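The sequence and structure are shown first, and the description follows.

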Amino acid sequence: MEIEENSQPATKKPVGQQLRKAREEAGLSSDDIAAVQHLRPSVVQAIELGDYSQIDSELFLKGYVRAYAKQVGLDADAVVADLDQELEPIRQQREREQEANPLVDIERRKHRKRRIAKTLVCLLALGIAGYLAFTLLLPDLLLPGQEAGSSGVVTQPEAVLGDQGGTETPAAATEPERSGPEVITSADESLPEVTDSGLMATEQSGPAEPVTDQIPAVVQTPEPVLENPGGLSEVADTGRLQIRFSNDCWVRVSDAEGNRLVNSLQRNGDRIDIAGSTPLRVVIGAVDAIESIRFQGEPVDISGYQVVNNRSEFILTI
C-alpha cells in the first residue's frame, strides 16, 4: 500500500510557474514572450505570478495562456485544463460575493414582482375574454323566436274541419292574422242563417282568403378582413461579415439586438461567414492575426480603427 501511495503523481504546479519554468528552460525572457504575443510585459508577469485580476476576462486569459504554452513548447490543452481548475475557486468566490451583494437581491426581487404582475395580468385578461365570449355567444345559441327562460313550446292553431252533412265545427283557436269574425258558408248561400250565438252570416260571394306575410330571409355576408391593407412590410437591414485568420485570435460579433453571433477563439486558417441585423459590433483580440475581413462583399480596412494592445473594437453598418 505504501508503494502505491508513493507512486501517485505530485500536485501540479500553478500554471504561471509551469510557463515561467518552460520559458527559462527555453532561454527566453518575459519581454520576448510579450513581443511575440503582442502583449504588455506586465500582462506576462501577471500570468506567471497568478495575478489574473489584470486580465479583462477569463476568455482572454485562456487565449493568452494557450499561445504562451505553445511558444515555450508545452501541451496547450493540458495547461488550459490546469488553468480551468485553478480558476474554479475564483469563480466560486465571485458567485458568493455577487449573492451577498444587496443590489443583486433587490434586482432579484424586482424580477420576481414583475413575473407575478405579468401572471396576474394574463389571468385577468383570460377572465375578461371568457366573460365577453359567454355574454356575446349565448344569445346566438338560442333558437329563433325563443327567449332565454322560456319553455320552448310552440303551439300550432287547430284546423277547422267540416263533415259532409254541413255541420260546422268552431275552431279551437283563431289565427292571429285574422282580425275580423270568421265567415262560415252553408249549402244554401242565398238564405241568411242565425247561429246559437246570435250572429248572422251575411251573403258573400266567396270565402275570404287569408293573407300571409312572407318574411324574406336576410343572409349577412361578412366582409373579408384585409391583412396589411397598405401592403407595407418591414425589412430589417442584414449585413454579411467574412473574416479569415492567419493566427490564433479571439473574436466576438454581436448584432443590433445584442445577440452573440460569434464568441470564440479562432485558429490559424479558420474562417467565419455570418450575417445579422446591422449595425454589427465587432471585437478583435489580436489584430495582426486577421488575414482579411470583408463586409457586404467589400474589404474593410481596420487600420482606421483604434487599436489598443493589439485589440480593436469597431462597429459596421450598411
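## Salt bridges

Glu58, Lys62 and Asp84 are joined in a network of salt bridges, a salt bridge being a side-chain nitrogen of Lys or Arg within 4 Å of a carboxyl oxygen of Asp or Glu. The model is predicted: local features need pLDDT of at least 70, side-chain atom pairs count only at pLDDT 80 or more, and totals for chains, interfaces and linings use all residues. Residues are numbered from 1 along each chain as its sequence is written, and side-chain values use heavy atoms, with hydrogens and water left out.

The structure holds 8 salt bridges. In one of them, the closest N and O atoms of lysine 62 and glutamate 58 are 3.3 Å apart. Both residues lie in helix 5, 4 residues apart, or about one turn of the helix; helices (H or I, at least four residues) and strands (E, at least two) are DSSP runs numbered from the N terminus. Lysine 62 counts as partly exposed because its relative accessibility is 21% (buried means under 20% relative accessible area, exposed over 50%, partly exposed in between, with a 1.4 Å probe and protein chains only).

Lysine 70 and aspartate 248 also form a salt bridge, at 3.2 Å from N to O. This pair links distant parts of the chain, with lysine 70 in helix 5 and aspartate 248 in the loop between strand 3 and strand 4, 178 residues apart.

An open sheet of 4 strands has the order 6-3-8-9, with antiparallel pairing; two strands pair if DSSP finds at least two bridges between them. Strand 6 (271-277) and strand 9 (298-299) each have a single partner strand, so one side of each is left without a neighbour in the sheet. Strand 3 (residues 238-245) and strand 8 (residues 290-295) pair over 5 bridges, and isoleucine 243 has isoleucine 293 in strand 8 as its bridge partner.

Another open sheet has 5 strands in the order 5-4-7-11-10, also with antiparallel pairing. Its edges are strand 5 (260-266) and strand 10 (307-308). Strand 10 is joined to strand 11 (residues 311-316) by 2 bridges, and valine 308 stands opposite arginine 311 in strand 11.

A salt bridge joins the side chains of glutamate 313 and arginine 281 (2.2 Å, N to O). Glutamate 313 lies in strand 11 and arginine 281 in strand 7 (residues 280-284), so the pair ties together parts that are 32 residues apart in sequence.
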